[in-house]
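Here is a briefing on a structure. Look it over, then read the notes.

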Amino acid sequence: MIIMNKRVLTFFKIAGLILLGLLIGDALIYAGIIDEYTAQILTLAGINVIIALSLNLISGFTGQLALGHAGFMAIGAYATAYLVMHIHVPQHLWPVLVGISIIIGGIITAFFGMVIGFPTLRLKGDYLAIVTLAFAEIIRVLMINMEGITGGAAGLKGIPLYTEDINLGPVVSFTWIAVFMILIIFLIRNLIKSSPGRAIVAIREDEIAADSMGVNVFYYKMFSFTLSAFIAGIGGGLYSLFFGYLNPTMFNFMKSADFLVIVVLGGMGSIAGTVATGFILTYLQEFLRVLQDYRLVIYPLILIFIMLFKPTGLAGILEDIKTFISKKISAKAIRKTGEG
Amino acid sequence: MLEVRSLNVFYGTIHALHDISFHVQEGEIVTLIGANGAGKTSTLHCISGLVSLKSGDIHFTGKTLKGVSPNRIVESGLAQVPEGRRIFANLTVMENLEMGAYIRKDRNMIKQDYEMVFSRFPRLKERIRQVAGTLSGGEQQMLAIGRTLMSRPKLMLMDEPSMGLAPLLVKEIFEIIKEINRSGTTILLVEQNAHMALSIANRAYVLETGRIVLEGAARELAQNEQVKKAYLGG
């Protein structure tokens, strides 16, 4: 008889549930019950969630504010696009090329993250915010000027999509992005629960105290920041094959702000909050396109209100509701026993 | 056990520590006393690797600590209870203690040490799932000490454990420090509360504007006219 380890069993349960969800999602899109437009929004939301999670890792969990994740996204997007456009493989190997290109795009982005993290993360304070902000702008300007690779200001056209088959298009892009999103959620969740994760959270709480506990503060800041860049690069790579077109203006400061708003609104250091807010905000943005130009006004207002009234964000609100309900229930129980 | 030889530290152009030399023997409580800005915390930070020294040398159990990174220093058995407690405010009491044992791998021993900390601080056990930021000042100081104990230090550096605490609590904390010392941990204590520090220490050094001006047995220094006038209020 095979005795299954309890942890292995829960792993299979969770994996099974996710697979089931994925299949149902695919089936709904394929059958047209979720129309193509909604499927696209869902897919885009998945990309936003991935990059917002990467920002949450460095800003929410490690406590180092970064303001240039659009820059990392751009590097991943252009690198992946370059690879899939210049490497030719037989039809049946195409998904392999896509997967590998996205990962390589992430690695290239991680390298850039290391290069700017190395001098900046030695300092205490908000230098990282300033440097990443400038870095994203530099990347954007570089993308405009490196016409040979990026197509310059006119943009990069003709990036192949996940599949040429128009009917299967929405299903395939959704699956690619959902799979990556799920893997990244697990990666970050497990990381935070592990020993390096504890070190990372300790750094957010108090750098000097973390130092006195024997945490190698610089190493773990670098680790977290590099991993964050890697994930953002993957998000960018997924984005380029989803749209099939890249333009440097897509990666301006407002794009970085989009991710920051998702993280802050969802709750700094909350994975579930980021995922939920990522989907809600992406959906809202599609419906409030009229207000697109007012985002510059609305977003800062949202951020200020959150900071003032609910710094823990959506995750904090849910936590409040949970304690409220459990209090109600226990109060009811006490009343009942009192009457009886 | 700890040997500090002619330590010089600069903050920019400011010469903060001038030729500081002192030593701590195994099993002792040694205290550095002095007024604000005398260089007490700088000395501790220098030992624990948070501040780099310009010249001089620090030896701990025979090995130099010069140029060794703070996390390696903790691993070698020298841990600090930082000034102002610096507990992890958003983590629970238990998570704080877990962070204290961060460098250790011996799970069974760690479990025993949790019990050791809880028997020393029963109040922490009552609040084990509570978020540390909601503890009272005294409890936070106990947590900070308990957290440092979890790394099993041979030498514990304590930076102003009496800061911001009511007199009764200060007494309690100092009792605990004495007990920790009795159970085998050497202690280097930095204090502004010279009276309390001298009452539990074996030896003491008096710091003034970055220099050691007096040293000797704690009991003798407590009787010293100069010390009485400057630090003991008469």
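Predicted model: local features only at pLDDT ≥ 70, side-chain atom pairs only at ≥ 80, totals over all residues.

Residues are numbered from 1 along each chain as its sequence is written, while chains are lettered from A and ligands numbered from 1 in the order in which they are written.

**Chain A overall**
- Chain A has 14 helices and 0 strands; helices (H or I, at least four residues) and strands (E, at least two) are DSSP runs, numbered from the N terminus.
- Its radius of gyration is 22 Å, close to the 20 Å that the globule rule gives for 340 residues, so chain A is as compact as a globular protein of that length. The radius is taken over C-alpha atoms, and the rule is 2.2 Å times the number of residues to the power 0.38.
- Along the principal axes, the C-alpha atoms of chain A fill a box of roughly 80 × 55 × 55 Å.
- Buried residues account for 43% of the 340 in chain A. Buried means 20 or more other C-beta atoms within 10 Å of the residue's own, with C-beta atoms placed from the backbone.

**Helix H2(A)**
- H2 of chain A covers residues 36-61.
- A kink of about 30 degrees is centred on Leu55(A). The bend at a residue is the angle between axes fitted to the seven residues ending there and the seven starting there.
- In H2(A), 21 of the 26 residues are buried, so the helix is largely enclosed by the rest of the structure.
- Gly63(A) follows H2(A), with a positive phi near 80 degrees.

**Helix H11(A)**
- H11(A) is also largely enclosed by the rest of the structure, because 11 of its 14 residues are buried.
- Among the buried residues are Phe259(A), Leu260(A) and Val261(A).
- Gly267(A) follows H11(A), and its phi is positive, near 115 degrees.

**Nonpolar core**
- The largest nonpolar core has 158 residues, and Leu238(A) and Leu189(B) are among those that touch the most other members. Such a core is a set of buried Ala, Val, Leu, Ile, Met, Phe, Trp, Tyr and Cys residues joined through C-beta atoms within 7 Å.
- H2 of chain A gives the most to this core, with 14 residues.
- Not counting residues up to four places away in sequence, Leu238(A) touches residues including Ile50(A) and Trp176(A).

**Contact between chains**
- Chain A supplies 13 residues and chain B 21 residues; two residues are in contact if their C-beta atoms, placed from the backbone, lie within 7 Å.
- Helices H8 (195-205) and H9 (207-212) of chain A each supply at least two residues of the side that touches chain B.

Definitions and conventions. Buried ≥ 20, exposed ≤ 12 C-beta atoms within 10 Å, placed from the backbone.
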